[in-house]
Amino acid sequence: MDVRKNSSEPKLSDQDLLRQLHKQYQTTALVLQGGGALGAYQAGVYEALDAAGIHPNWIAGISIGALNAAIIAGNAPKQRVERLREFWQRITREPLFPVWPTAPLDPGAWELPWQNGLSGWAAWRALVEGQPGFFTPRPFPLWPWRASPTTASWYDTSPLKTTLERLVDFDRINHKTAMRVSVGAVNIRTGNFAYFDNTEGELRVEHFMASGALPPGFPAIEIDGEFYWDGGMVSNTPLYKVLSDASCRDSLIFQVDLWSARGEVPKDLAEVTSRSKDIQYSSRTRLITEYMAQRQRQQRILHDLMALVPEDQRKHRAYRQAEVYSNSAVVNLFHLIYRNKPYEGHYKDYEFSVDSMRQHWSSGMEDMRCTLEEPQWFEKPSPEHPFVTHDVHCED
């Protein structure tokens, strides 16, 4: 539906149009993939969405996506961007002794080897020193008398717990009128994927930390007698969860990925490591999308066929069973996928330098702004095409 077609009404600005189109959907979901330091890209995406007046009523995340979800859901709308910025500045602030006392003012002007060297050095420092407000190295982590699921890791994440408790209002997350929040983790004992959802129980700081507890770097997190690791070990995106649970509601979904399934064939071992990470953690977002799109079309066809059944035949058992699978809802899905910078290496997910964080954030804002410049994309899909996707980079 084009809300500008009535010429008797004053023409809406693009921003007003977006807000009006956005209100046509029952569910507006923000889906955040895992990816460590690359997660600042998601913060930039959210800032652009917030500026456009588009506020999700459901946010789902894995790993760093779960931490961003906690910051967003755990603060009042007017404070969310500020708190995101505080979180990212806190975990990427410069060490006590700067690596390069006199750095060029414009990072974009540095030559590629220089940028690559700075990036690699920042990643090395993260491994050796940890990151403030996030994780610190454990002294003597291999000592046998320290053996415990919560200490069997290279780093201690208690600083992250302190950071989240300072920046997140968990009472707001668990309030009955709050936006829906879903985060994924892996039960270590069973090997099964688990979703923690505030519509099914109370979410605490441990649920979000469990979603980002990637071994062997980070320790397992105990929740109600069970131990959990990072959800990215099984699936690095909660997209399937959102599409499945929202299948009967008209939905506008923003899928924000930090790893691209598409890329160049590697030519050396460093590129092999980087490319294998991309493939492993991209979690086949497009494959999930294609599968769910096909399912949505089939459910719509079933719904339309059932409308042709005479009223006196609708009490039949087969009709009642078919009702469970029919669906008249529509889905409008936007892919926003981080694109690697030329200077980045296989360590990009633990390279927490301030400069890289700012570039990731800016990239997210720019990609979302470019998407918002296409208001026609936000119109509800037609019954003939109940599942549509958009990607600002799809033709790159």
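What follows is a quick chat about this structure.

Me: What kind of model is this, and how are residues numbered?

Reply: This is a predicted model: local features need pLDDT of at least 70, side-chain atom pairs count only at pLDDT 80 or more, and totals for chains, interfaces and linings use all residues. Residues are numbered from 1 along each chain as its sequence is written, and side-chain values use heavy atoms, with hydrogens and water left out.

Me: How many helices and strands does the protein chain have?

Reply: The protein chain has 13 helices and eleven strands. Helices (H or I, at least four residues) and strands (E, at least two) are DSSP runs, numbered from the N terminus.

Me: How much of the protein chain counts as buried?

Reply: 51% of the 396 residues. Buried means under 20% relative accessible area, exposed over 50%, and partly exposed in between (1.4 Å probe, protein chains only).

Me: And the accessible surface?

Reply: About 19700 Å² for the protein chain, with 54% of that belonging to carbon and sulfur atoms. Areas come from the Shrake-Rupley method with a 1.4 Å probe; for residues, only the protein chains shown count as cover.

Me: What share of contacts comes from residues 24 or more positions apart?

Reply: In the protein chain, they account for 74% of the contacts with a separation of 6 or more. Contact means heavy atoms within 4.5 Å.

Me: Switching to helix 10. What span should helix 10 have?

Reply: Helix 10 has 14 residues, 269–282, and at 1.5 Å a residue should span 20 Å. Its end C-alpha atoms are 20 Å apart, which agrees. The expected span is 1.5 Å times one less than the number of residues.

Me: Which residues of helix 10 are buried?

Reply: Ser274, Arg275, Lys277, Asp278, Tyr281 and Ser282. They cover an arc of only 150° around the axis, so they sit on the same side of helix 10. The arc is that of the directions from the helix axis to the C-beta atoms.

Me: Why would residues spaced like that point the same way?

Reply: An α-helix has 3.6 residues a turn, so residues three or four places apart point the same way.

Me: What covers that side, and what is on the other one?

Reply: The cover over the buried residues of helix 10 includes helix 11 (285–306). Leu269 and Gln280, on the other side, are exposed.

Me: What happens at the ends of helix 10?

Reply: Asp268 caps the N-terminal end, with a side-chain oxygen 3.2 Å from the backbone nitrogen of Ala270. Just after helix 10, Ser283 takes a positive phi of about 60°.

Me: Where is Pro266, and what is it in contact with?

Reply: Pro266 lies in the loop between strand 9 (251–257) and helix 10. Leaving aside neighbours within four places in sequence, Pro266 is in contact with Glu271, Val272 and Arg275. Pro266 is partly exposed, at 30% relative accessible area.

Me: New topic. Is Asp197 buried or exposed?

Reply: Asp197 is buried, with a relative accessible area of 3%. Asp197 belongs to strand 6 (residues 193–197).

Me: Which side chain does Asp197 pair with?

Reply: A polar contact of 2.9 Å joins the side chains of Asp197 and Arg180. A polar contact is a pair of N or O atoms within 3.5 Å; within protein, one must be able to donate a hydrogen and the other to accept it, and residues adjacent in sequence count only if both atoms are side-chain atoms.

Me: Where is there a cis peptide bond?

Reply: From Pro215 to Pro216, with omega near -5°. Pro216 lies in the loop between helix 8 (205–211) and strand 7 (221–223).

Me: What about phi of Ser63 and of Asp224?

Reply: Phi of Ser63 is near 60°, a positive value in a residue other than glycine. Ser63 is buried, at 12% relative accessible area. Phi of Asp224 is near 50°, also positive. Asp224 is exposed, at 67%.
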